[in-house]
Every structure is written in C-alpha cells, then in structure tokens.
Amino acid sequence: MLMMWKHTAKKGFLVFFLVILAVIPFVEPDEPLFVKASEEITQDDFPEDAPLEDKLSAILSDELLDGAVTGVSIKHAESGDMLFSQNPDTRLHPASNMKLLTAVSALETLGKNYRFTTEVLTDGRQRGKVLHGDLYLKGKGDPTLLKEDFDQFAKDLKEEGIHKIKGDLIGDDTWYDDVRLSQDLNWSDEPFYTGAQISALTLSPNNDYDAGTVIVEVTPSNKARGKAEVRVTPETDYVTIYNKTEMVSEDEEKDISIEREHGTNTIIVEGTMPVGGSNSRSWVSVWEPTGYALDVFKTSLEDEGIRFIGKSRETFAKTPDDAKLLTSKQSMPLEKLLIPFMKLSNNGHGEVLTKEMGKFVHDEGSWEEGLEVMEDVITGLGVNEDTILLRDGSGMSHKNMIPSKDLAQLLYEAQNKEWFDAFQYSLPVAGEPDRLVGGTLRYRMTSEPAKGNVTAKTGSLTGVSTLSGYVTTSDDEPLIFSIMINNYLGSSGDIRDIEDEIATTLAKHEF
C-alpha cells in the first residue's frame, strides 16, 4: 500500500514538473514566474468609475504610512452622510488644523465684525505745550499694530498741542494675564516667530502681522572681507544684534544663522555671506513684547518732536480708571484678520483669539478661560466633548487631540452659520499663487481639478501632518474631508503628497 502511494506521488510530481516546463517558454524573460503578494494594486490601476472606497483604500495602503496612525473622514457636505472613513474615532494631534476650531469659535463668540482696540491715555493735564502726568499705551490684544500706527498716535498728540511730557511712559498689558507662552510650547520653538510671546500690548513688523517679532535681514557688502550688513525692522534698541558674520568671495557658500538667545533680547547673527549673495531674512521673536511695543512707541514720539522731560521712566502698570482718552485705533474686523491667520497659519493670532474669547466671555484673558469657551462652542457644533483635548489655539501643542470624524462634523455644522462665508474664504486655496489666497496651499495641487477647488487648512508638526476642508467632485457633489496622519517617519513632503492625492481623487471622482 505504501509502495503504491509513493508511486502515485512520484507520478503526480512528474506531471506537475512537465506542466511547469511547458509554461516557462511563454513567460517574458523580465517577468517573474510568481507575483509577490505584497505588490498591491495602486489607485492609478482603477478605472475612473471605480468606487470611491477602492480608490482611497489604495492610496492609504502606501507603505510610507506603515507604522503611522492615519485618520480619514469623508462626508457629503449637504446630506452629512459619511462616505468613507479610516480610524475616524481615533484621537489624533491636529497640528494647525487646531486653527479650524479657533476660527470657528472666534466667529461664533466674537462675531465677524469684532475689532481690537488700542488706546493712548493720560492721568494728567495739559498746560500749554506740556502734558503734566503719565502717558499710557493700553493694549487690548490687537496683533496687527504696526510702527505706522504708533507714528499716527504721535501725530495725534502733536495735533493736540502736546510737545513735552512731564511724566512716565507706561505700557498697560493687563487686558490679558501675564502668561506669555502656552503650556506645551517647546523651548526650542520660543526664539522664532512660530513661538512668539503673547501680550495684550504687542507690535508686528509688517503686514503678515507676526506680532511680537522683529525682522532681521542680512545683506552682503561689496567686498570679500569684513562683515555683512544687518538691518532690523522696525528699528529698535530693544534688541541687541551681535554681528559675527564674515564676508567671503562670491564663489564660496552662504551659511547664515540668525537666532535669539533664550531669555534675552540678544540676537546672534553669524556665518558666511558671499559677495553678491542673496539676502537672508528671519522673523525673530522678542523677549517681553510689551517692552518692545513701548520702545517703538517712544521712538515714534521722539520722531514727531515730542520729548519727555524731568525724571521720566518707561514702565508697566494698569491705566487708572479715570484716565483721559487722547487717541485710539481699532483693528481690522475679525473676518479680515482671519485671512493672515488661516491662510498664513499665524500661530500668534490663534493664541490671541483664544485669550480674547476668555476675556470677552469670562472677563479673564487667559488660555484656561479661552479654551473653555472654545470647548463650549465646538461641542455645540457636534464635536464630542468626551473625545477631545484642547491645549492651545494654534496647534503647536503635541497634546491637542481630536478625531478626524469630529473635525469633519465641525466643518459640516459650520456651513449653517451666518459667518460661514467669511470662514470658508479664510481657508487656503489649492494652487493659487497669491499668498493671501493660496496661503499654505499655494504650491500644492497646482493642476485642475484640485487647483482652485480644494479649500482646506494645512497642519504640520514633527511626525504630524493634517489637511481638512472642502472640495467639489467632477459631478458637482460637495464634500468635506479630514485627513490626519500622526507618528510618521521620513519626508514630510511625501506625506503631504498622500494628502494631496486623496484631495485630488475627491476632486476627480464621479458618483
């Protein structure tokens, strides 16, 4: 019996071997005989009329996402139906997608026409050309104040006949608390504009409105010796520049570093600058922005010919309740402030708006009270309060958490609000080159049908990339999407390509 089984097995193997020999001549020399199971079908292999789920699943099978955690939620913008999801309930770090929550909460709480106010007041009296008393610069959170606004304040005082001030120059930043940095900000982010300190009295160097920063620009001199030229905008003695640069010949490499020492306003500029080299420019945060604003305001007064006499000082204090208003300025309305906030992903604006909401609702300009207001607003818009953690208004914290399903729900409910047009208009627009239109998406998805169609907020931290917003399919179906990728390693550009492929697939899709 055993001999018969061995004979049969031997005969079966011989037949199998002959079949293999017969097949081999018909296989192309460069084709493997056996296809590896790990070679998965890609999205490009699907016909255009393939189900959306198959297309998106193929994109999300990319090996670049191995080991990462990816949450994706796609909703129909009109019906609210969930069309596709992957890990929709998993709490993930939103990075700057956190600004979606902040913008929605600010619009709902403050209103799109809300403005910040800055005031100049005195507790003294004017006698002739001399103001006898202290001059107060009172900030109420405006992150858009520029040097030219302080120049206008000085002109207003001059027109009132004030040429001399016998008293102190006092900065009042008590509209908010004195906590300058959010609780989870990394110390390594603090010297840069992305981690600028928050004060109710602050100043921006240009129309990007990065409050609490100065622009340091390094330009080459004409000779391959000595130092490069360094300029600070606005001009201020509040920061000290140590120029350790070295000019080198035009065929040598440019290597310029600009960084503020922690806990000081000492900015070290060092490295090599070749003759004819391109300029280097950096936005550097200042230590204690209230003093920075006060210093620049004093310069504006002096430029207008207004002098302090006697034993005057520059200091900080609360403005007396009975102080007289001399001049003031209102900021642009919130709906216009949202443009640099959202399109340029301005972290400082997110934190200012958070504190302003706390001040507006609870009369306390703090992160704690502002985040409480935000939580109340977003849970009222369908976000589950049991599955979120809010730690700041910008998204810089690695402890913020929200599922993609909740972000998509927030975007869905926002459509029903009277301020929605202002909110949607503030989102970056894919492929649009104008930085105040395309924003952080101006170099992404530059071809149709995604270009000009995808409007979404980007987000990026170490190991975190997010993209959430709105898109219309090729057959005019409006969609909402939220893509959240956490814990990835490798190139952030590669991860953004995956996000863009998902958004572009939605734009191309026909139901």
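These legends go with an overview and a few close-ups of a predicted model.

Local features are shown at pLDDT of at least 70 and side-chain atom pairs count only at pLDDT 80 or more, while totals for chains, interfaces and linings use all residues. Residues are numbered from 1 along each chain as its sequence is written, and side-chain values use heavy atoms, with hydrogens and water left out.

**View 1. The whole chain.** Eleven helices and 22 strands make up the secondary structure; these are DSSP runs numbered from the N terminus (helices H or I, at least four residues; strands E, at least two). The radius of gyration is 30 Å, well over the 24 Å that the globule rule gives for 511 residues, so the chain is more spread out than a compact globule. That radius is taken over C-alpha atoms, and the rule is 2.2 Å times the number of residues to the power 0.38. Along the principal axes, the C-alpha atoms fill a box of roughly 125 × 60 × 45 Å.

**View 2. Two cis peptide bonds.** Most peptide bonds are trans. Here, Thr233 and Pro234 are joined by a cis one, with omega about -5°; Pro234 sits in the loop between β11 (229-233) and β12 (240-248). Glu448 to Pro449 is cis too, with omega near 10°, and Pro449 is in the loop between α10 (420-426) and β20 (455-461).

**View 3. Tyr209, with a positive phi.** Though not a glycine, Tyr209 has a phi of about 60°. Look for Tyr209 in the loop between β9 (169-172) and β10 (213-219). Tyr209 is buried, at 12% relative accessible area (buried is under 20%, exposed over 50%, partly exposed in between; 1.4 Å probe, protein chains only).

**View 4. Glu288, also with a positive phi.** Phi of Glu288 is near 70°, and the residue lies in the loop between β15 (280-285) and α5 (289-303).
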